[in-house]
Every structure is written in structure tokens, then in C-alpha cells.
Amino acid sequence: MRTARARPVHGMRSFPTEFAGAFRDNIRKLLEEHCEKYDVAANGRSTWRTRVRDECTGALVPVYAVEECVNLSSSPFCDYCRCAGWGHHLVSRRRYHIIIPSFEEWGKPLPENFICRQTHLLHGLLHCNGFGHLLSIRGCSSGSRLRGHDLMDFWDHLCRSLCTRSVSVEDLSVNSLSLPLRLLYSLSHGQPWFARWGYNFSHGCYGITKSTYHDAIDSVSSLRVDSLLADLGDSPLAKDLRHIVTVYRKLSGEALGTIREFVLYLLGLRYKENYPPLAVVPHSPSPPARQRRQSVVSRRKRCRDFDEVAESLQSRWPVRRLRYAAEIIADALREHGTLTRQEVRDAARQAIGDTGLIDFVVKSIGDTIVGGQTVRRTPHPRTRVLEFSLDDVDMSTHEHLDPVKPLTWPSKEEVGRDIDTLYQSAVNGRWQEARVILDCKHWAKHWELRDDADDKLRFIVEWRPMPWEMANLRGTPLPGEVVVLEPHASMGDLLVTAERAMRDTYCMMERFRAQAVEGVYGDLWEPVMSGGAQSGATIGILGDGVDLESTLRYEGGDDMGAVDCWCGAREDDGERMVSCDVCATWHHTRCVGMDDDKQTPSMFLCPRCGGSSFDSFDFDDGKWPLTLGWGEE
């Protein structure tokens, strides 16, 4: 009795890499040689299965590949291509779903509508032309044995091995507190989490450009926490943030001045397994008698937060202005060190014109905590002139910290809540810039044509439509197809291979007949290399037989209307839109003042067609105001 040959189990990061052809051929080879057919459904879907070993835990991870015939699919078009800016691509004949199911489904029969489930650890969609999308990824936070990094390493290695051309991802990932990671990681690292694997900015929603995105990151991440506290005023959020600033500056032993420094430090604590022991303040030797008498007096003065002192004072200035003046003085002391009373006044006068306010704060700021440090006011030992300086917060003289209970590391849950407080503070303090960052969620990775692994010839062949064919097509250039030839291939071989590639890849080109080549010269029997073409070049293919009447032409569908929104968007970015009933152009509902939770009106006219949707907005220098999701404008 013949037994099936056991297939070797590869590691997640050492999956087969011997693929040297175009993607459409490599994916077939992968399924036939390294997977076993699991199921064939009547709807044109074939399911393949294999297992890979997680090198870290030793677990055997099931991987499924669902091959879908687009001609038989109930959803032949691709919304992911439309939102990624690839809506003009021709509809591919096949697409492949690469899936690692949730841990609970390992070893069980596949459920109905398997590819539509939202619980997969990994779900990627690859078109047979080499373009694809990473649809979902769920690591340890969902109870999996696999981390998100492990899943991304596997996905990236698989795409690179199969010679994938481009993969897009819409970054909607959140942490355990439902905070968008694209903002957290942008503030801490200057780029999203997916950038670690080479994913770059593709396009922003609402017309946001790459430069605007990076300017917004720099603005929020470089924001000083002390300035943010001043901007937040007397809100409960400001009080929570002030406590966080005091505690974590003490724990870290560092200044932690900006939002980026705080987010990096808190994220490090969040994912650190073991905390280092807290430093113990050594006992200092006994001072001389005169200094000892002075220190006894100073210890009796319990330090208080300046905000509390300001609230208790009977002043004609609001607490907000008193706090601002105190922070100006603290900044001057950080820059210059110890200053006399007159030097403090002179430094504060550079930012504050009200000398009465300065004198009032100078008189009240001694032995108070400003920006996580204590402002000391002591007489000079010889001249007896009052001097001001900054000191670290003394636990024994802080009224709101127990002098008996030592400072301890917070729990993971406490760090998570503090990250949430810091996040909300940054969003409220710089809501415009935060909205820009949150509106940038489309990323893509591109792989260049590999042409140095062997001596074969590789070309990008592009179909060049005739003028009469262009009248039935959009003007956007179509992506070319990769063809691989032997080193001594002839012009005829190139023509046949290009024709086969086009027929095998696109629905409307199943009967395409290649007739001529642009950019390479010679007879059909002459070698390609003698015609002036070099491996890796892009060449044009002329031919006929394209079904221009096909209903399966563009991945985004044939009914894609023109986008001409006031925010500057000219392509569909996946956000909610409404179409003008006169000119049929599409506009973001957010840009025309429609709430997402409300239905679009039965009749909508854009401003160019006489609509009044924008009458309530005020234009400033021609810039269109954003409607926000964070608080009131």
C-alpha cells in the first residue's frame, strides 16, 4: 500500500525560499510542493494546508491558503485595492487568502465562511499579479501563543520568498486599552509599528500629505510636558498628568521633558518583564552645627505642589497665570542654576511683562514643587542674600507622598492607565496635529525586482493599448507583469511568455494575443539581449484580443466616480463619502459637516453646484477646517 510522502515542517522564519519565478508561478509551486489540498468548494475556492514550527515555542502552527477564482466569486472586485490607491488595476483572475486561524480553531474542521471570520491571528490577501493586502494580525493580546512580531516576521518572509511586488495595510491596530497604536508609536518612535518591516507612508486620508504627517509627529512628540500642563489649565486631566509627571520622573531619575520621552519610558515599563531595584538614597554624613540648625528648619517646611499653593492664595491673578509664571521661573533655574531674587525677576521679565505678577510668584514659590522639582529659597551663607535653586523632590518633605512607605514600581495595569492619561493629554493639548496622525493609516511595502540570484532574464512587461482602446480605458497607467526567461531566450520566447502572463493574470485579457514588442528590436528568432534590452528593464507589449466590454475590468469597479473633496483628496481613501446629485463628484461627509452616525441626505449638492452645506463654516486663508472626533472644535 502506497503511503503519502511526509512533507517537511519548516520554521516560521525559514519557509522555502527557492522560488525564482514570477509571483503567479511561485504561489502555485508553493501550494503544490509544500502544502496539501484540504478542500475544494463549489464556489471556485480551493483550500490548501500546511504547518510551520514556531522557533521560539516549538508549537506547530497551521497555515491555510484559500485559492479563490474571481470569475466564480460573488465579490469579484477588491475594496482593499480601491482604498490602497490601486483601484485602477485590472481584475486578477485568482486571489489567495493566507490565514493562520485563532488558537481555538487549531485541529478543528474549518467553519463555514472561513475566510470571512474576524478572529484569525493572521489574514493576508494576495492577488495573482503580486499585489496584496495585510488584512489583520493579532498577537499575544488576543490569547495567542504567538506574538505580533512573530506573525509579522512570518508574513514578511513569505511575501519576500514568493516575490510579492507590493502589499498594503490599513493600520487600525489598538492596544489592550483600545488606544490607536499608530499614534502611540508615532509619538514614541516617529513611525508606526509596521515601519519595522519596511512599510512606508502610502497616502493620508482627507488629502493629508507625507510632509504634513511628519510635521504633526514632530509637533506633538517634541511638546514639553510642563507646557502641556500649562495649556490644560485646572482640568481633572491636568491634575492626573501632574501626578504622573512627578512619580515617573522620580522613578526614572531622569528629566523626561517631552511627550516622546514619557511615552517611550512608559511603553518600556509596560512590556518589561522585571523591574530593576529602586535606588536607595544613601545616608549623608552629619553636617556642621550651623548647617544642621538650618536644615532642621527647612525640614519642617513641608513641600506642596505650587498649584495647591496658588489656589489657596488670595490673588487678583488667576491660578493659570500664577502657574505659568512659576514654570517660567523653574525653566530659568534649570537653565542657569542658582539665581538671586533680582536675577530671577530679570529672567522672568523676558517672558512676562507684569512685574507685579512676577513679584507675587517669587514671594510664594519657595519650597513648592513645579514641574516635578522643588524650588528652594535659601539665604547665602556669607552674604545672606536670598537665592533660588531647583532640587529633586524630597520624599520626606512631600505632603502628598507617604514618607514611611517607599516608592514602588507601578503595576502593569497602572502603567496602562497612565499611558491612557498621557495619550488623552497629548490629544487634547494638540488636537489638530493628533487628528492628522490618526488620519494617516494607509501604508505599503514595495519589493524591487530581484535580478541577482541567478543568470535568468527578468522583465516588467506593460500592455500598451492602441488609441482606440484607450478611449474605453482610464488614463491611469497599468502595472506591468513580471516575466522570467532563460539567458538565451529569443524575441519570440519573450512574446509568447508575455502573452501567457497576461492571459493567466487578468480576467479581461484571457484571449490576449501579443503581436509586437516596444523597446526591444530584432526578429523573432534573435536573442532578446541582442535587441538592446537589459534584464530588469520595462518593455511594452502590443496586441489585441482584450475584452474591453468585460464587467471585470478594474479592481475598484467600473462605477468609481470622481473624488474632488475640499480637503484636497482626489482618490477614494476609504473614508465615508457622499456624492453630489448634480456633478456626481464625491466628498467626505466629515468635510461637509455630516456626522458619521447620521444618514446622508436624500439630496446633496456640493458648493460648486449651489449647495449650502458649507455655509456654517468659516474659511481662513482658503484652508478647509477639520471636523474633529476629539471634543469640541
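I started at tyrosine 206, which is buried at 8% relative accessibility; buried means under 20% relative accessible area, exposed over 50% and partly exposed in between, with a 1.4 Å probe and protein chains only. Before going on, I noted that this is a predicted model, where local features need pLDDT of at least 70, side-chain atom pairs count only at pLDDT 80 or more, and totals for chains, interfaces and linings use all residues. Residues are numbered from 1 along each chain as its sequence is written, and side-chain values use heavy atoms, with hydrogens and water left out.

I placed tyrosine 206 in the loop between β9 and α5. Helices (H or I, at least four residues) and strands (E, at least two) are DSSP runs, numbered from the N terminus.

What does tyrosine 206 touch, not counting residues up to four places away in sequence? I listed Asp439, Cys567, Asp573, Glu575, His588, Arg590 and Cys591, with contact meaning heavy atoms within 4.5 Å.

Arginine 590 from that list puts its charged end over the ring of tyrosine 206, 3.8 Å from the ring centre. The cut-off for a charge over a ring is NZ of Lys or CZ of Arg within 6 Å of the ring centre and within 35 degrees of the ring normal. I also looked up arginine 608, which lies over the face of tryptophan 566 at 5.5 Å from the ring centre.

**Strand β15**

Next I checked β15 (residues 442–446) and found 4 of its 5 residues buried. Strand β8 (residues 166–170) runs antiparallel to β15, joined by 5 bridges; two strands pair if DSSP finds at least two bridges between them. In that pairing, valine 167 has lysine 445 of β15 as its bridge partner.

Strand β9 (residues 200–203) also pairs with β15, in the antiparallel sense over 3 bridges. There I found phenylalanine 201 opposite tryptophan 443.

**Aromatic pairs**

How many aromatic pairs does a search of the whole structure find? I got 12. The rule is that rings of Phe, Tyr and Trp (its six-membered ring) pair if their centres lie within 6.5 Å; planes under 30 degrees apart are stacked, over 60 edge-to-face, and the rest tilted.

One of them is phenylalanine 103 with tryptophan 106, edge-to-face at 5.2 Å centre to centre and 65° between the planes. Phenylalanine 103 is partly exposed at 29% relative accessibility, whereas tryptophan 106 is buried at 16%.

Tyrosine 213 and tryptophan 443 have ring centres 5.6 Å apart and planes at 70°, so I logged this pair as edge-to-face too. It links distant parts of the chain, with tyrosine 213 in helix α5 (residues 210–221) and tryptophan 443 in strand β15, 230 residues apart. Both tyrosine 213 and tryptophan 443 are buried.

I also noted a cluster linked by ring pairs: Trp193, Phe194, Trp197 and Tyr199.

**The four-stranded sheet**

I then traced an open sheet of 4 strands, in the order β17-β16-β19-β18, with mixed pairing. Why is one side of β17 (481–485) and of β18 (513–518) left without a neighbour in the sheet? They stand at the edges, and each has a single partner strand.

Neighbouring strands of this sheet are turned by 40° against each other on average, direction ignored. Axes are lines fitted to C-alpha atoms, for helices over the stretch in contact, and angles run from 0 to 180 degrees between N-to-C directions.

Strand β16 (residues 457–463) pairs with β17 in the antiparallel sense over 5 bridges, and phenylalanine 459 has valine 483 as its bridge partner in β17. I found helix α17 (residues 491–505) lying across β16, β17, β18 and β19 (538–544), at about 140° to β17.

**His120**

My last stop was histidine 120, in the loop between β5 (94–100) and β6 (122–127). Is histidine 120 buried or exposed? Buried, with a relative accessible area of 0%.

The side chain of histidine 120 reaches the backbone oxygen of phenylalanine 114 at 2.8 Å. Leaving aside neighbours within four places in sequence, I counted Ile99, Glu105, Ser136 and Arg138 among the residues in contact with histidine 120.

Terms used: Polar contact = N/O pair within 3.5 Å; in protein donor to acceptor, adjacent residues only side chain to side chain.
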